[in-house]
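Colleague: Could you walk me through a few local features of this model? I have some questions ready.

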Amino acid sequence: MTAPLHPRKTPRQARARATVTAILEAAARILVAEGLERLTTNRVAEVAGVSIGTLYQYFPTKEAILAEILRDKRQQLLEDIRAATAEGTGEGFEARLSRLVEAAIAHQLGQPTLARSLEYLDSLLPLEAETQALKAAILERVAGFLARGGVARPDESARDLVAALRGMIDAAGLAGETDRAALFRRAMRLVRGYLDLGEGVSP
């Protein structure tokens with residue numbers, strides 16, 4: 001039987017939302033500091049400072065907690081991509097392109113240990129439909145941005161760029177890189193070269 005992967009209920013009041021946030025943050029801290037093998041509902045409740053009964057009001061299993069952390073991080077990435085590529089900001093195409101690359105790097109290297117743990121969890125939890133929906137949303141957003149910037153074959157270019165950036169950024173994370181500025185410069189060389197934008201000036 002598959003463990004439930006959704007919260008029992010959605011917190012409505014501020015106090016309930018704060019409780020859920022504390023539970024998710026506690027689980028994330030345990031993942032980073034102690035590893036997946038130490039993450040149990042009892043341990044999460046202890047670190048969050050709530051009773052196990054309170055935890056079970058919102059999350060039926062530890063898998064539901066982990067899935068919700070993964071959803072939150074994915075939603076934040078998508079929101080950051082939307083913000084980076086939004087029109088009406090007064091920024092040109094290349095400035096928004098830089099912000100898009102920065103958002104991708106921040107998602108992986110902002111909390112690298114947590115990011116690696118979540119990637120491992122993604123392979124364990126049955127969230128394939130959600131994963132595919134996220135990938136489709138990211139590609140749609142990036143393709144639209146490229147199309148508005150006059151890039152030829154925007155759908156194909158979006159697939160290539162997203163795959164190339166993910167490969168580079170994931171490899172940097174696995175290698176233990178922490179210099180986000182250096183990675184940004186390398187990533188921008190890759191992106192600018194693919195889009196034939198010239199060398200430009202990296203921040």
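Modeller: Happy to! The structure holds 1 aromatic pair. This is a predicted model, where local features need pLDDT of at least 70, side-chain atom pairs count only at pLDDT 80 or more, and totals for chains, interfaces and linings use all residues. Residues are numbered from 1 along each chain as its sequence is written, and side-chain values use heavy atoms, with hydrogens and water left out.

Colleague: Are the rings of Phe 93 and Phe 145 stacked or edge-to-face?

Modeller: Rings of Phe, Tyr and Trp (its six-membered ring) pair if their centres lie within 6.5 Å; planes under 30 degrees apart count as stacked, over 60 as edge-to-face and the rest as tilted. Here the centres of Phe 93 and Phe 145 are 4.7 Å apart and the planes are at 15°, so the pair is stacked.

Colleague: Which helices hold Phe 93 and Phe 145?

Modeller: Helices are DSSP runs (H or I, at least four residues), numbered from the N terminus. The pair ties together parts 52 residues apart in sequence, because Phe 93 lies in helix H5 (residues 93-109) and Phe 145 in helix H7 (residues 128-148).

Colleague: Is Arg 192 buried or exposed?

Modeller: Arg 192 lies in helix H9 (residues 180-194). Buried means under 20% relative accessible area, exposed over 50%, partly exposed in between (1.4 Å probe, protein chains only). Arg 192 has a relative accessible area of 8%, so the residue is buried.

Colleague: Why does Thr 61 count as buried?

Modeller: Thr 61 is found in the loop between helix H3 (52-58) and helix H4 (62-85). Thr 61 counts as buried because its relative accessibility is 14%.

Methods: Helix = DSSP H or I, 4+ residues; strand = E, 2+ residues; numbered from the N terminus.
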